[in-house]
Amino acid sequence: MPDEVRGGEGAWAEQSISAPGAFGQTTPDDQPRLALVLGGGNALGAYHAGAYEVLDSRGLRPSWVVGASVGAVTGAIIAGNAPEERVSKLRRFWSRATQHTAPSPTEWLKPRQIYNGLHALLALTYGRPGIYRQRFPGPWSALPWVPNDVALLDHKPLLRTLEELVDFERLNRGETRLTVACADIETSEEVYFDSARQEIRPEHILASTAILPAFPPVEIGGRVLCDAGYVNNLPLDPLFATEREQDLLCLALELFSLRAPRPGSLDAVLERANDMIFSSAGRRTIAALAREYALRQRFEPDGPKVTVLHLIYQAGADELAAKSFDFSPSSIRDRWTTGGRDMTSGLQMLENRPAAEGRFGYLALHGSSAAVETTA
């Protein structure tokens, strides 16, 4: 992983985006001016860590983090640690998650694909210490006369890792607000746990990471909960559940690509189907926000403005459909580096962007592709 990723100075609107607390402080009505939304994606979550490292290097501290799945894990580490300890704790988590084999011996495409695929197979077969392990009967429950089971793997080891890396007392004091997204497995409803309204415990994070059928659902308060990925993998909604009274800059990090080349193999088709499933909700939410703020613009043109900077991880050609379980050292390193690079580019986009005329601004960065902006 990179030692440190640093970006240049700049401004967003009339304030310096690199000034400590410029958008991170809490406003008098407890609505943040800088919010971070982190989508799910298991091993792809190293992208979050690299992106957050850039924010940390600039002294930009979000006062509200909303996370789903591995995004909830990242959010808990951010909210549950002092600012100066957050990046080191993220490094410890990803060092533990990484399969410490030899780095990729070649950059040639086919050997790298085989290398990544073997690591995904190893991770599924033997688990990852401190995150998940094999479960019995698990996959054996498909055989005759074997008792039924509801998952392939057991992710309870994550509880101990969370207790080690996250100060839940600090998290629940509310210095950085954390919202954890889950889904009710019986009703498909989105369920949110918010440190501003209730105590967040390791079990809430565990429920958010329970992607079916890999991991079992978690019962909390009489509801059986699982990963929100299938219903809303980029949970922007909590930020806009009530009308905003202050300007907001929202940094939304998506781990599944909205765009990709035309697939040319069965694995590429499977990967594309997976990406489309997990990225579609975020696209719809942003489109709905643009429509909503177009109406607000008509009736209250001088009201608070919202800007969404949407950073979307673009998987390399070497990554396979099983990329969410690829914990190889090369892949984790590349995702961390890519997150840092994309956050640096995204902040530069904000710095160079002319002042928006409308109340809603949207900028997207699809890997190295050009940004798209919508205003309302």
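## Acidic surface patch

D167 lies in the loop between α5 (157-165) and α6 (168-173); helices (H or I, at least four residues) and strands (E, at least two) are DSSP runs, numbered from the N terminus. The model is predicted: local features need pLDDT of at least 70, side-chain atom pairs count only at pLDDT 80 or more, and totals for chains, interfaces and linings use all residues. Residues are numbered from 1 along each chain as its sequence is written, and side-chain values use heavy atoms, leaving out hydrogens and water.

D167 is partly exposed, at 36% relative accessible area (partly exposed falls between buried, under 20%, and exposed, over 50%, with a 1.4 Å probe and protein chains only). With E84, E85 and E169, D167 forms a patch of negative charge on the surface. Patch members have over 30% relative accessible area and no salt bridge, and like charges are joined within 9 Å.

## Cis peptide bonds

Most peptide bonds are trans. The bond from F136 to P137 is cis, with omega near 5°. P137 sits in the loop between β5 (133-134) and β6 (153-154).

The bond from L212 to P213 is also cis, with omega near -5°. P213 belongs to the loop between α7 (202-208) and β9 (218-220).

## Positive phi

Most residues other than glycine have a negative phi. N42 has a positive phi of about 55°. N42 is in the loop between β3 (34-38) and α1 (46-57) and is buried, with a relative accessible area of 18%.

S188 has a positive phi near 70°. Its loop runs between β7 (177-184) and β8 (190-194).

Methods. Patch = residues over 30% accessible without salt bridge, like charges linked within 9 Å, V, L, I, M, F, W, Y side chains within 5 Å. Areas by Shrake-Rupley, 256 points an atom, 1.4 Å probe, with all protein chains shown as cover. Salt bridge = Lys/Arg side-chain N within 4 Å of Asp/Glu carboxyl O. Lys, Arg positive; Asp, Glu negative; His and termini not counted. Charge placed at Lys NZ, Arg CZ, Asp CG, Glu CD.
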